[in-house]
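Morning, everyone. I'll be quick.

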Amino acid sequence: MTTSTNNNRTATLEPIFAAATHEASTAMCRWTNGEIYLTLDEVLEVPLDHVTQVLQLGDDLLTMVALDLLSDPGTVILLIFDEINGRQLASALLRQPSDPGTEWSELEKSALTETGNILGCAYMNALTKLVGRPLVPSPPYFIQDYGASVVQQALMAQALESDSVLVCRTGFHRKDEQLNWHVLLLPSVHLRQLLENVTAHASANNG
Amino acid sequence: MSNTATASTEEKLAKTLSVGMGQAMLGDRNTRLSAILGSCVAVVLWHPRLNLGAMAHVVLPDSHGKSEMPAKFADTAVPYLVRTLESKGCNRSGLMAKLAGGACMFKGGGPLQIGDDNIAACRTHLQRLGIPIAAEDLGGTGGRKVTMDFTNGSLTVEIAGRVSRVI
């Protein structure tokens, strides 16, 4: 059974999300002294009832940083780590050893939250330039919970409008190593429409 | 609705199926049903004498007349579960309900908060159809993993960082 599609509509949005990912990657490189960069993995339209399977969100507990848009709370950016990778990033940023098995300290949470803030702002700055109107992210929220539970809540605005949802998934790399971290950008129907208008306008100008 | 009630010899050992957002499934002695919930609500109907039941993973309170995915909305999911179980031989008067979910995952705001509306809508539509709520675990700020065992009607609720409970 096909559970996701890379259709024409998602294909036309890829250059926009690639541009935003490039900007976020530049910010991430700066934040991690050149160690870590991002690549756009895929832009998908997924049936609502299969979204957690397609995104491989089982019943694992994950560490996440979430931001929405102040002017459009239906759009959500989620930075997602498993426990080990989240700890490793916090440890690298704080230059102190991680202590797995203990509760996250406020300092560790702050390091990850700031990472989410930097990435979210970079994404939204890039999209602001493209759509020509300000897209201002909210303060970041630090969450440790089932990934599927958080993604559900983040998809509510899209679910109100449609039985399928648009997901832009970004991966992280350290040199040639793919890291088990992701950014999910879950745009509201309103933002999606704005982005599609940008691509339609660009096509008309080129054609 | 996915029909899981037929059991071949190999399926005699109980299996657990995952009910995705907006889906509904049937469960029986051989088939437990599980869902991971945030602001969504799992509506479980169970017939204790027949050990047969169903779960809907309700995403939103009101369909506004849309019916492509009946289990997605509280107002269509509850009648849909009742109709399906009646067609399997369950008397409505013998059904009981269990509810879980409806959390607010983003403390202090964030994306659309719909958990409380989902809870209210599920309760309203169960009451309208005269289905008693035997147990519930609702609200709060944490996600839940729920698993329904139709052999005894127990709904196990796991919340991150807490001891699981059976309702």
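Start with one definition. A residue is buried if 20 or more other C-beta atoms lie within 10 Å of its own, exposed if 12 or fewer, and partly exposed in between. Keep in mind that this model is predicted.

Now go to chain B, and find B:Asn51. It sits in the loop between strand 4 (41-47) and strand 5 (52-58) of chain B. Buried, exposed or partly exposed? B:Asn51 has 16 C-beta neighbours inside 10 Å, so it counts as partly exposed. Look at its backbone too. B:Asn51 is not a glycine, yet its phi is positive, about 50 degrees. Why point that out? Most residues other than glycine have a negative phi.

Next, B:His64. This one is in the loop between strand 5 and helix 1 (74-87) of chain B. B:His64 has 9 C-beta neighbours inside 10 Å, so it counts as exposed.

On to where the chains meet. How many residues of chain A are in contact with chain B? The count is 29 residues of chain A, against 24 residues of chain B. Several elements of chain A supply at least two residues each to that side, including strand 2 (61-69), strand 3 (72-81) and helix 5 (147-154). Helix 5 of chain A gives the largest share, 6 residues. By type, the chain A side divides into 16 nonpolar, 8 polar and 5 charged residues.

Stay on helix 5 of chain A. Of its 8 residues, 8 are buried, so this helix is largely enclosed by the rest of the structure. Among them are A:Gly147, A:Val150 and A:Gln153.

That's it from me. Thanks.

Terms used:
Residues are numbered from 1 along each chain as its sequence is written. Chains are lettered from A and ligands numbered from 1 in the order in which they are written. This is a predicted model: local features need pLDDT of at least 70, side-chain atom pairs count only at pLDDT 80 or more; totals for chains, interfaces and linings use all residues. Two residues are in contact if their C-beta atoms, placed from the backbone, lie within 7 Å. Helices (H or I, at least four residues) and strands (E, at least two) are DSSP runs, numbered from the N terminus. Ala, Val, Leu, Ile, Met, Phe, Trp, Tyr, Cys and Pro count as nonpolar, Asp, Glu, Lys and Arg as charged, and the others, Gly among them, as polar.
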